[in-house]
Amino acid sequence: MNLPNKLSLFRVILVPIIATVYLFMDFGIAFTFSANMSEMLVVEWKEIIIFILFAIASFTDYLDGMIARKYNLITSFGKFIDPIADKLLVNTMFILFAIHHRVPVIAVIIMIWRDMIVDGLRMSASSKGKVVAAGMPGKVKTVLQMFAIIFVMLHNVPFLLINIPMDQILVWAATITSVYSGIIYFVKLKDVVMETM
């Protein structure tokens, strides 16, 4: 197994570790400070640990792709495991946030539905020999999701200080972009999917 694939598998392994720390570990409070006159921000140690683990996982996503392209190490297994690792990481984080009411449940449901539909479209098209590469809207969606997760983890700091809900704005921007990119996939592949209706 080459290095990019090992990095993708490492990212998959990090996902249940992150979920376990988030759900079951309690390391106490790291620090507190007054975000504004009426609100005290409490940051737990587990949130800092999760942030570090998420940053490591996100870096491996960048690193495995860069290494695979630079050294021509792109494999069928890599094409299979890389997007799965990404979706496991992102969707797990959003589900965990939704459980603790830090993001809207409906936004998370929409994004997961979109992923399932797009995966089904791509599998159907692939079985007929048609491959559709990830387009720019899909890449923008992923970037928005990553930033949304980061700001939710950081309790919307520094925007909390000026009362701008940037974390929630990014969540909804990612949701809207997710739907838009899903529609683009459907339009590109509808002839393949609908041909035997």
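Trainee: Which helices are included in what covers the buried residues of α1?
Mentor: Helices (H or I, at least four residues) and strands (E, at least two) are DSSP runs, numbered from the N terminus. Buried means under 20% relative accessible area, exposed means over 50%, and partly exposed lies in between (1.4 Å probe, protein chains only); contact means heavy atoms within 4.5 Å. The cover over the buried residues of α1 includes α2 (45-70) and α3 (76-99).

Trainee: What kind of model is this, and how many helices and strands does the protein have?
Mentor: This is a predicted model, in which local features need pLDDT of at least 70 and side-chain atom pairs count only at pLDDT 80 or more, while totals for chains, interfaces and linings use all residues. Residues are numbered from 1 along each chain as its sequence is written, and side-chain values use heavy atoms, with hydrogens and water left out. From the N terminus on, the elements run α-β-β-α-α-α-α-α. The count is six helices and two strands.

Trainee: How far apart are the end C-alpha atoms of α1?
Mentor: The expected span of a helix is 1.5 Å times one less than its number of residues. Helix α1 covers residues 3-24, so its 22 residues should span 32 Å. The end C-alpha atoms agree with that, being apart by 32 Å.

Trainee: And how far apart are the end C-alpha atoms of α3?
Mentor: By the same rule of 1.5 Å a residue, the 24 residues of α3 should span 34 Å. After α3 comes His101, with a positive phi near 60 degrees.

Trainee: Which residue caps the N-terminal end of α1?
Mentor: The segment before α1 holds the residue in question, Asn2, which is buried because its relative accessible area is 18%. Leaving aside neighbours within four places in sequence, Asn2 is in contact with Leu73 and Thr75. A polar contact is a pair of N or O atoms within 3.5 Å; within protein, one must be able to donate a hydrogen and the other to accept it, and residues adjacent in sequence count only if both atoms are side-chain atoms. A side-chain oxygen lies 3.0 Å from the backbone nitrogen of Asn5, and the residue that carries this oxygen is Asn2.

Trainee: Which residue meets Arg11 in a salt bridge at 3.5 Å, N to O?
Mentor: A salt bridge is a side-chain nitrogen of Lys or Arg within 4 Å of a carboxyl oxygen of Asp or Glu, and a search of the whole structure finds eight. Arg11 is among the buried residues of α1, at 0% relative accessibility. Its side chain meets, at 3.5 Å, that of Asp61. Arg11 lies in helix α1 and its partner in helix α2, so the pair ties together parts 50 residues apart in sequence, the partner being Asp61.

Trainee: Which residue of α3 pairs with Arg11?
Mentor: The salt bridge is 3.0 Å, N to O, between the side chains of Arg11 and Asp86. This pair links helix α1 to helix α3 across 75 residues. Both partners are buried, Arg11 and Asp86.

Trainee: Which residue forms a salt bridge with Asp119?
Mentor: The closest N and O atoms of the pair are 2.5 Å apart. The pair links distant parts of the chain, 32 residues apart: Asp119 sits in helix α4 (residues 105-127) and its partner in helix α3. Asp119 counts as partly exposed because its relative accessibility is 29%.

Trainee: Which residues of the largest nonpolar core touch the most other members?
Mentor: A nonpolar core is a set of buried Ala, Val, Leu, Ile, Met, Phe, Trp, Tyr and Cys residues joined through side-chain atoms within 4.5 Å. The largest one has 32 residues, and those touching the most other members are Met93, Phe94, Phe97 and Ile149.

Trainee: Which residues does Phe97 contact, leaving aside its neighbours within four places in sequence?
Mentor: Phe97 is one of the core residues that touch the most other members. Its contacts are Tyr22, Arg102, Val103, Ile149, Val152 and Met153.

Trainee: What share of the residues in the protein is buried?
Mentor: The C-alpha trace spans about 60 × 35 × 30 Å along its principal axes. Among contacts between residues at least 6 apart in sequence, 73% join residues at least 24 apart. Of the 197 residues, the buried share is 39%.
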